[in-house]
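Welcome, and please open the structure in your viewer. We will go from stop to stop, selecting one part at a time.

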Amino acid sequence: MHSPAPKAASATLARPVDLTTLWIAPPLLVLGGLFFYPLVLILGQSLGSDGSALSLRFYAQVLATPLFQGALLHTIVIAVASSVGCLTLGFVMALVLSFVPFPGARGIARLIDTFIALPTFLVALAFTFIYGSAGLLNMSLMATFHLPLPPIDFLYSPWGVILAEITVYTPFVMRPLLASFSLIEPAQIEVASSLGAGPWRIIRQIILPAAIPALLAGGSLCLLLTVNEFGIVLFIGAKGVITLPLLVYDKAIQEFDYTTACVIAMVNIALSLSLYSLYRLVVARFGGRNAGLV
Amino acid sequence: MLVWSRTGRAGAWGVLALLFGVVYGVPLVMIALASIAGQWNGALPSHLSLGHYAEALDGDSAAQLRVSIVTGAVASAVAMFLGSWAALALRNLRPAPRRLFDMVFFLPSAVPSVSVGLGLLVAFSRQPLLLNGTTLIVIIAHFVLISAFTYGNVSAGLSRLPPEFELVAASLGARPGYRLRRVTLPLLTPYLIAAFSLSFAMSMGEVGATIMVYPPGWVTLPVGIFALTDRGEVFAGAALTMLLAITTLIVLLGLSRIPTKAVTRQG
């Protein structure tokens, strides 16, 4: 008995299941258990899954509080201002490093890049020694002008957090910017210059257009990172400056109010995920792998 | 190139020096100075000492530094292993599911660290798995946070590998396991080291998720530093922050010196 029919049937059955694709299962299961499962539980708790019917009542309660609204506003203002600051500072520094080079310019660029490897709260702590009430700036001003009280207290306002975040996240903008500047043909600038274009015109008409993908990618990455930043805000510890991540920490760890913490965390995650989609969109549109981003 | 006049160039460098100095130079100098400040009542410390470092090295802080290094090393090693596994396995998939899973593996980088910590706290304080209060939950938190970055580094490396090596090995009859061990992984080594370095550095500075989940017996150095500065011991905090930064940079420097076959073959 040698009929070809069963063979053909088993072949068609076997074809759709390519066993090599199953290799993806183990890392996916680990990530599922350790990342997605906890996220689902946060969502569940925020909807009141502990013993009662699911509803949005906790959202209605929490979202109406001035504390939450203030934190949301602070988070957005700090993130937008920091990202604009990072883009401006990063653009100016990358511009000089790339187009007005000097011996040691690469060393400076590398030094700024190592800031990526340092803990973010290092800058916050350093700032207290400079701008804090007993820091370098206030003590010098008090000694010089015989003031009884520290005159500068911007560190404990949103501006202190913004300046610290600009310091920490500018390297993330400079990486893609320096990469995109290195792709500009020097001859292009020299020709424009010899035809009489001044530096401002060259920046506006040649450099800036070439830098736009890097600026967009770096800027949206900065927005994401600054919305999620926790260490800087925690270490500066200004009473009036509360952001969403800090509020999640306060509610869960200081007040043991997990349900409120979960509601705020969900809002924070939704905000972060939309910024992340924006970032991926920009990178996909302009080819981020070429702009030096991971 | 851009600016030809002598004064214009001097001006551009002046702006750079000012910006770099105010934003990066002064903070670095000040935290270094604070870490060796004996007494600091005026604008600058009146005398210097290494006392804060000496205290750091024989107190709780030495244990916290060790905790940070162990956590960083273990979390980074696991993340590197699973990240490479994921990146390699994704190559077998069709484009559509590949893009989907690529996004799935990147997703942890988008979620705020505090929320990752909160999730672990909520998930593992109940059945079926009670991990709250263990060392493992801290390592899990670090692994989740860095996993996307290690995956990203390895998959970027894979996409840059010249495909000929693997094709030649396959055509010469090398089995998949042998090909992976003798061709693909050696070529990937520089990217694996870069992935490990980045995730180790991130783990060493991590605060948000750790502060949510750490048990009293497994305090990482950043959490210890926060406890100190919160009590007003800012100089000890500065010394420990310097110690943390220096340790991180030494490890990164050491990792960057590891010779890789891929480099020696090209060069």
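**First stop: a glycine in a strand**

Start by selecting B:G38, which sits in strand β1 of chain B, residues 37-39. Keep in mind along the way that this is a predicted model. Is B:G38 buried, exposed or partly exposed? It has 13 C-beta neighbours inside 10 Å, so it counts as partly exposed.

**Second stop: an enclosed helix**

Stay in chain B and select helix α5, residues 113-123. How many of its residues are buried? The count is 11 of the 11, so the helix is largely enclosed by the rest of the structure. Among these buried residues you will find B:S113, B:G117, B:L120 and B:A123.

To see what surrounds them, show both chains. From chain A, the buried residues of α5(B) pack against α2 (25-46), α10 (199-228), α12 (244-254) and α13 (258-286). From chain B, their partners are α6 (135-160) and α9 (208-213).

**Third stop: where the chains meet**

Next, colour the two chains separately and look at the contacts between them. Here 74 residues of chain A are in contact with 69 residues of chain B. On the chain A side, α2(A) gives the most, with 13 residues. That side of chain A has 59 nonpolar, 13 polar and two charged residues. For the complex, the predictor gives an ipTM of 0.89 and a pTM of 0.90.

Move to chain A and select α6 (residues 121-131) and α8 (residues 158-181). Their axes come within 10 Å and cross at roughly 125 degrees. The two helices are therefore oblique to each other. α6(A) passes α8(A) in a right-handed crossing. Show the side chains of A:V123, A:A124, A:F127 and A:Y131 on α6(A), and of A:G160, A:A164, A:T167 and A:V168 on α8(A): these residues make the contact. By class, six are nonpolar, two are polar and none is charged.

**Last stop: confidence**

Finally, colour chain B by pLDDT. The average for chain B is 89, and 97% of its residues score at least 70. Where does pLDDT stay under 50? Select residues 263-267 of chain B to find that stretch, for which the model has two contacts beyond four places in sequence.

Conventions
Residues numbered from 1 in each chain as written. Chains lettered and ligands numbered in written order. Predicted model: local features only at pLDDT ≥ 70, side-chain atom pairs only at ≥ 80, totals over all residues. Buried ≥ 20, exposed ≤ 12 C-beta atoms within 10 Å, placed from the backbone. Helix = DSSP H or I, 4+ residues; strand = E, 2+ residues; numbered from the N terminus. Contact = placed C-beta atoms within 7 Å. Nonpolar A, V, L, I, M, F, W, Y, C, P; charged D, E, K, R; others polar. pLDDT = per-residue confidence, 0-100. Axes fitted to C-alpha atoms, helices over the stretch in contact; angles between N-to-C directions. Parallel < 35°, antiparallel > 145°, perpendicular 65-115°, else oblique. Left-handed = near helix turned anticlockwise from the far one by under 90°.
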